[in-house]
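This briefing covers the sheet, the helix packing and the ligand shell of one model. Please read it beside the structure shown here.

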Amino acid sequence: MDGRDLIDLEMSFGAALLGHGHPAIVQAVTEALRWGLLTGHDTPHQIELAQRLVALIPSAEMVRFTVTGTETTWHAARIARAFTGRDLVVKFEGHFHGFNDTLGYNFWPPPDHSPASGETRVRPESAGTPEADRALVRVLPWNDLDALRTLLHGEGDRVAAVVMEPVNIDSGTIHPLPGYLAGVRELVDRHGALLVFDEILSGFRTNTGGAQADLGVTPDLTTIGKAVGGGMPLSAICGRRDVMTTVAPAGPVIHSGTFLSHLTAVLAASAFLDVATEPGFYPSLITKADRLVSGLREVFRNADLPVRVQQYGARFSLLFGIIEEPRRYRDVAREDRLLSDAFYRHALDVGVYLNPGWHHGISSAHTDADIDEALEHLQVAADRTAAMRDTRSA
Ligand SMILES: Cc1ncc(COP(=O)(O)O)c(C=O)c1O
């Protein structure tokens with residue numbers, strides 16, 4: 001809008017995995033606009049898209065389409081509550097699931113608010129969250145099986161769902177420890193609760209089956225969104241048939257809405273899947289992401305800036321002032337925000353757009369030349385940030 005060219009390394013919070021204005025997405029949306037936007041019933045397109053997702057995502061036996069991630073995780077929790085007849089939901093510090101009153105807690109609490117292992121201090125992320133809703137959530141540190149074991153030992157018969165990002169991209173792309181997800185799966189089963197993977201961000205980053213396909217642990221319910229819509233607003237709840245049939249018309253849970261499975265988004269998602277399932281799509285995307293990530297590590301080394309670069313497929317995080325591999329949110333909560341803000345500002349000045357947040361990414365539209373150009377600019381941004389830090393400490 002201001003006439004400047006920027007290289008986008010943010011990619012619409014992860015929604016634009018094919019880049020901006022991909023011809024397949026433009027064609028799909030145009031076609032939908034011609035056909036009529038919205039009907040009160042499904043067409044073969046919704047059904048075909050659901051069938052394709054069932055074939056791709058290990059936990060998906062049935063699919064319900066939604067619009068935003070925020071409503072999707074809320075509905076997933078409600079389905080779990082109806083299926084189990086229980087009321088508590090367990091979530092993890094640093095895991096983001098949208099701003100609903102069911103899961104809108106402890107996304108990024110200040111460092112001094114982090115609970116000690118096993119301790120639960122629930123902190124709503126927004127004013128206006130009722131005390132009564134807060135009483136129905138438990139928050140734990142992630143990658144800590146003992147904390148979950150202790151909680152389930154005490155209150156397991158009240159827990160409907162354990163909800164997590166299988167890779168915690170929303171707090172710096174933190175990976176699960178070996179055996180952690182399998183351990184969670186076993187504990188959750190033992191206590192008769194449901195395991196919900198929120199793959200709204202991790203889905204479609206390394207393959208078309210999500211992190212669950214990568215990591216070999218299958219949840220009962222999965223939420224997807226962002227990339228799957230090809231940049232259009234489409235999310236979905238996928239899951240076990242017996243759980244999903246808790247929803248009407250088969251069961252008593254209501255899930256309905258005027259804009260659900262909007263044709264523009266459904267056709268865009270089909271077009272996205274056409275492109276993402278082409279042989280070579282992911283190998284090429286990951287090769288480019290690896291090129292960027294190794295280049296970024298070199299940039300920060302050259303500038304003598306202590307920045308840890310974390311990666312999950314096409315998404316990555318820059319953790320300023322963090323040296324060790326993080327295992328949970330509290331390991332990154334003390335990130336040097338002065339340094340990171342300065343870097344993102346300098347990056348924008350030299351022509352690279354990075355949202356000053358927890359994660360960034362590339363798309364399939366980025367070329368090697370784009371990546372090399374971005375790295376060249378980011379070296380300047382890193383050098384300027386280091387100079388600012390040196391002035392600050394002098
Ligand atoms: C893991 C995860 N869940 C849920 C959401 C919320 O999605 P939306 O912004 O579409 O409401 C996000 C958005 O960043 C997310 O990363």
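Two strands are paired if DSSP finds at least two bridges between them. Helices (H or I, at least four residues) and strands (E, at least two) are DSSP runs, numbered from the N terminus. The model is predicted: local features need pLDDT of at least 70, side-chain atom pairs count only at pLDDT 80 or more, and totals for chains, interfaces and linings use all residues. Residue numbers start from 1 along each chain as its sequence is written.

**Sheet**

- Strand S5 (residues 159–164) pairs with strand S6 (residues 194–198) in the parallel sense, over 4 bridges.
- Within this pair, Ala161 stands opposite Leu194 in S6.
- The open sheet has 7 strands in the order S2-S8-S7-S6-S5-S3-S4, with mixed pairing.
- Its edge strands, S2 (62–66) and S4 (137–140), each pair on one side only.
- From one strand to the next, the twist averages 20°; axes are lines fitted to C-alpha atoms, for helices over the stretch in contact, and angles run from 0 to 180 degrees between N-to-C directions.
- Helix H2 (residues 44–56) lies across S2 and strand S8 (235–239), and runs at about 125° to S2.

**Helix H12 and its partners**

- Two packed helices are described by the angle between their axes and the distance between the axes.
- Helix H10 (residues 281–303) packs on helix H12 (residues 368–393) at an angle of about 25°, the axes being 9 Å apart.
- H10 and H12 are therefore roughly parallel to each other; angles under 35 degrees count as roughly parallel, over 145 as roughly antiparallel, 65 to 115 as roughly perpendicular and the rest as oblique.
- H10 passes H12 in a right-handed crossing (a crossing is right-handed if the near helix is turned clockwise from the far one by less than a right angle, and left-handed if anticlockwise).
- Residues of H10 that meet H12 include Leu292, Leu296, Val299 and Phe300, and among their counterparts in H12 are Ile371, Leu375 and Leu378; contact requires C-beta atoms, placed from the backbone, to lie within 7 Å.
- The contact of H10 with H12 divides into 10 nonpolar, 3 polar and 4 charged residues (Ala, Val, Leu, Ile, Met, Phe, Trp, Tyr, Cys and Pro count as nonpolar, Asp, Glu, Lys and Arg as charged, and the others, Gly among them, as polar).
- Helix H11 (residues 337–350) packs on H12 at about 140°, with the axes 8 Å apart.
- That angle makes H11 oblique to H12.
- H11 and H12 also cross in the right-handed sense.
- In H11, Leu339, Ala342, Phe343, His346, Ala347 and Val350 meet residues of H12 including Leu378, Ala382 and Met388.
- By class, the contact of H11 with H12 has 10 nonpolar, 3 polar and 2 charged residues.

**Helices H2 and H9**

- The axes of H2 and helix H9 (residues 263–276) come within 10 Å and cross at roughly 40°.
- H2 and H9 are therefore oblique to each other.
- The crossing of H2 with H9 is left-handed.
- Among the contact residues are Leu49 and Arg52 of H2, and Val266, Leu267 and Leu273 of H9.

**Ligand shell**

- The ligand is surrounded by 14 residues, of which the closest are Gly69, Thr70, Gly98, Ile200 and Leu201; a residue is near a molecule or strand if its C-beta atom, placed from the backbone, lies within 6 Å of it.
- Helix H3 (residues 69–84) supplies the largest share of this shell, 3 residues.
- The shell has 4 nonpolar, 7 polar and 3 charged residues.

Note on methods
Two residues are in contact if their C-beta atoms, placed from the backbone, lie within 7 Å.
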